[in-house]
Structure formats: C-alpha cells, structure tokens
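Please keep the sequence and the model in view while reading.

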Amino acid sequence: MAIKEDVESDLQDGIRAPLMRVENNLADGNGSADGGSSRGGNPWMVYLSTFVAVCGSYEFGCCAGYSSPTQSAIREDLSLSLAEYSVFGSILTFGAMIGAITIGPITDLLGRKGALRVSSAFCVAGWLAIYFSKGALSLDIGRLATGYGSGAFSYIVPVFIAEIAPKNLRGRLTAINQLMIVTGVSVSFIIGVVVSWRALAIIGIVPCAVIIFGLFFIPESPRWLAKTGRQRDFEVALQKLRGKDADVSHEAAEIQEYIASLDLLPQAKLLDLFQRRYLRSVIIAVGLMVCQQLGGINGVCFYVSNIFEQAGFSPRLGTITYAILQVVVTGLGAAVMDKAGRKPLILVSASGLVLGCVLIATSFFLKVHGLALKASPIFAVVGILIFIGSFSIGMGAVPWVLMSEIFPINIKGQAGSLTTLVNWLGAWLCSYTFNFLMSWSSYGTFILYAVVNVLSVLFVIVIVPETKGKTLEQIQGAINK
C-alpha cells in the first residue's frame, strides 16, 4: 500500500509540475499576457461555437417548459386521465437521469461535437413522437426521448464551452448555459399560450436544427483532440478558436504537457472518482448540485402559480414577473461572472435564497394564523422575487461552471455523469416532495429550505475554491492534489 501511495504521489507531482512552471512564468512576467490564453487573437469563433452549444441549453429549457402551457389541451385532445398525464409530466426527469448517466462515456468516445449530435437526435425524435401522438404511449416515449436529450445537454454544453473558451471569457460564456435554459422555459410558456401543443412540439425542433447545422462550422474541443492523440487536429482547432493571427504556442504547450502528465495515470473508472486525488473535486461538484436543488428551486419553479394563489396574490401577474426577472438576473450574473468571481456570486446568491425563504415563510405564517392579512401577499411576492433573483444571479449557473472547470479531462466523462445525475435526482426529489411538505406546513416548508440554504453558505465558505482568472489546467492541478 505504501508503495502504491508513493507512486500515486509521484504521478500527481508530475501533473502539478507543469502547472507550477506556468504559474511561475506568469509571476515573472513571461508567457502570454493573460496567463495561458493566446495573444493577438479574435474570439469570434469562440462566440460562434458558444452560440451553437447553448442552443442545446435553450432546447433543454423548451423541453422543461413544454408541459406547463399544454397540459389541459393534451388531456382534452387525447382523452388522458390525470394519472396518465402525470406520467407524461414526470417522465422527462427519468429520461434526463438516463442521459446524465450515459452521456459522459459517449462524450469521451465521440467527442464533444458528437455528443451534441446525439443529444439533438434524441430531442428531434422525441418531439416528432409527441407531434404524431394518438395516445399516452407515444406521448410518453417522446417525452422520455426529450428528457434524455435534456439530461445530456445539461452536461455537455458547459463542458464544451469551458474547454474552448479562453480563461478571461470562460466564466461568462459558460454561465450563458443557464441563461438560455431559463429563456427556453419562458419562451415555451409564452408561445404555448398562443399555439397548439403539436405546433409547440415542432417549434422545439428548431434549436436542434441550428445545432446540427452549426456543428459543421465550428471546431471540436482542442483538449479532447489532444487527449485522443490527434495532434494536428488539436493545433488546427486551437488556432481556429483563437484566430489565425494569434500566438497559441504557450497555451498549446500548457495543454499538451498537462494531458501528457494525465496519460501517466491508469484509465479512469467510475469508482476512481472516490480516490483521494479526485475526492475534493467530487465533493465540490456533487455538494453544489445538492445545494442547488434541495434549496427549493424546483418546488418554487413548478408551483409558483399555486404559491402566489395560496398567498393571496394574482397568479398570472406573479408568474409573468417571475419569468421576466429570472431571465434578466441570469443575464446579469453571466455578464459579471468573470469580474466578480464564482465564489462571491454564489455566496451572495445563497444568502439571498435564505432571505427569500424567510420572507415566504413569514407570509404563510401570517396567513395561517390570521395575522396582518394585508401584508401577507406582499411578503410572498417580495420573497419569491428575491428567491428567484438570488438563485439566478449565482446558484443557478455557478455550480455548472465549476463542474466544467474542476475535473481533469481523464475523468471528466465519469465525473460529469455522476454530477449531472445527482442534479436531476435532486430536482426530482424537490419537486416530488414539495406538495407533501406544503400539506404538512406551508411556512415550515420554507423554513426547511432556509436551513438548507444556510448550510449551502457554510459549504461554499469552507469547501468551494475561487477559479476566476485561472486556466483549467491550473485549477485542476491545484484542487486534485
């Protein structure tokens, strides 16, 4: 055992050595001006590649937002019972879990672009099955397929963006993932009011078409190409992303040296994630996903109209305000991600979630006990808006950004699958238990969520590192010691 530990330690020293040299060069003023990103380039190809990728995030939002505006029309047209429609509503999460489990190995095998194609194909097949549905079975099969694509997109999009973006843009570009998800949800809700449920299914194919077409014009992830030994393709892809006049020699050397060090390690398996050298990354990523989902977001998101109604406020006005605020604040969070840093944003976010939960709990407490009935709706509205604004500014996007940054490429597939699975399990658990908790105690439910968010604040302070301004290789070398 001692010999094995010594060997692993030597290998890890070999991984960290190139990173230490990079950091020392930067401290001495050598290397590229931004510490690892290429000089003299034009990032337009990075922007184009990000746009194509986040169409997958938008597609994810379309899938998630589809059932809300179409519920009554689908049940009426297909004569579905409430139980049959409940299966349709929940099976998306089951499909997403399958997608989360399987997309990591697919990504490692086919590349990031290949995984985007697979995800798009599942969504297209799912939407077509829904469009041509004559009964519950084909409807559920279609929903399952779109769920698979959604789960796959939720992993591959932030990973692809993090691997192609220079470090000075990586945070805000990766955060666009969350912005496009909430935009897709909101747009589906609005369009679903004015078009039929079959037409909305066809509209859901449009983002997939953009992805499939756009992938012909963007490069593969240079880091994946380097990992698979395709040296010439790696150099071409990196040059294309940084611009034809950019000096990519420093960045290319850093990536190659780090991946060469990783190649000294044995082929990673799922159980390897729980070895000492990767354990901190797993704790950070899984812990943040637990904090994100168990803090109450899906309970509030799925039942926001009911919450407004129970609190005595107009559900329609409240829901519209909720949707607009979610998009605006998520965009603001993406814009300041690389300036403010990941850790400050998520601390502010989690603290705001605590305040929002306390205000909502206060509203329900006043209503249940017949106190200050005129103030109760005000507390509810302010609390929900603070809650969703706080979630959107940090807790919604930052866990995905960090997940895409902290895992070495040799375990990224397995780690990403595990992390995404935990996220979807948490989403299901929160949404499934919400109505039961509200039946138990409306204000007690949000006190419970407030406690979870207080624990999230403590978790971020103690465990989560700041990754702003560092290359992926520097981040991973520092965390996975």
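Contact here means that heavy atoms lie within 4.5 Å of each other. In this predicted model, that criterion places Ser120 in touch with Phe153, Cys208, Ile211 and Ile212, once residues up to four places away in sequence are left out of account. Ser120 belongs to helix 4, which covers residues 82-131, and with a relative accessible area of 0% it is buried.

**Overall fold and confidence**

The protein chain contains 21 helices and zero strands, and 56% of its 481 residues count as buried. Of the contacts between residues at least 6 apart in sequence, 82% join residues that are at least 24 apart.

The chain has an average pLDDT of 79, and 83% of the residues score at least 70. Among its elements, the lowest mean pLDDT, 42, belongs to helix 1 (residues 2-27), while the highest, 94, belongs to helix 8 (residues 206-214). Over residues 1-37 the pLDDT stays under 50, although the model has 53 contacts beyond four places in sequence for this stretch. Where pLDDT is low, the predicted coordinates should not be read in detail.

**Two helix pairs**

Two packed helices are described by the angle between their axes and the distance between the axes. The table gives these values for two pairs.

| Helix pair | Angle | Axis distance |
|---|---|---|
| Helix 12 (residues 276-294) and helix 20 (residues 442-463) | about 155° | 9 Å |
| Helix 16 (residues 342-368) and helix 18 | roughly 150° | within 10 Å |

Angles over 145 degrees count as roughly antiparallel, and helix 12 and helix 20 are therefore roughly antiparallel to each other. Their crossing is left-handed. From helix 12, the residues Arg280, Ile283, Ile284, Gly287, Leu288, Cys291 and Leu294 take part in the contact, and they meet Tyr449, Val452, Asn453, Ser456, Phe459, Val460 and Ile463 of helix 20. Sorted by class, this contact of helix 12 with helix 20 is made up of ten nonpolar, three polar and one charged residues.

The second pair, helix 16 and helix 18, is by its angle likewise described as roughly antiparallel, and helix 16 passes helix 18 in a left-handed crossing. Here Arg342, Leu345 and Ile346 of helix 16 meet Val398, Pro399, Val401, Leu402 and Glu405 of helix 18. This contact of helix 16 with helix 18 has six nonpolar and two charged residues, with no polar ones.

Is helix 18 mostly covered or mostly open? Helix 18, residues 398-406, is mostly covered, since nine of its nine residues are buried. Among these buried residues of helix 18 are Trp400, Met403, Ser404 and Ile406, and Glu405, which meets helix 16, is buried as well.

**Cys357 in helix 16**

Which residues does Cys357 touch, not counting those up to four places away in sequence? Cys357, which lies in helix 16, touches Gly295, Phe387, Phe446, Tyr449, Ala450 and Asn453. Cys357 and Ile447 are separated by 90 residues in sequence, yet their C-alpha atoms are 6.6 Å apart in space. At 0% relative accessibility, Cys357 counts as buried.

Notes: Residues numbered from 1 in each chain as written. Predicted model: local features only at pLDDT ≥ 70, side-chain atom pairs only at ≥ 80, totals over all residues. Heavy atoms only, no water. Axes fitted to C-alpha atoms, helices over the stretch in contact; angles between N-to-C directions. Helix = DSSP H or I, 4+ residues; strand = E, 2+ residues; numbered from the N terminus. Parallel < 35°, antiparallel > 145°, perpendicular 65-115°, else oblique. Left-handed = near helix turned anticlockwise from the far one by under 90°. Nonpolar A, V, L, I, M, F, W, Y, C, P; charged D, E, K, R; others polar. pLDDT = per-residue confidence, 0-100. Buried < 20%, exposed > 50% of the residue type's maximum accessible area, 1.4 Å probe, protein only.
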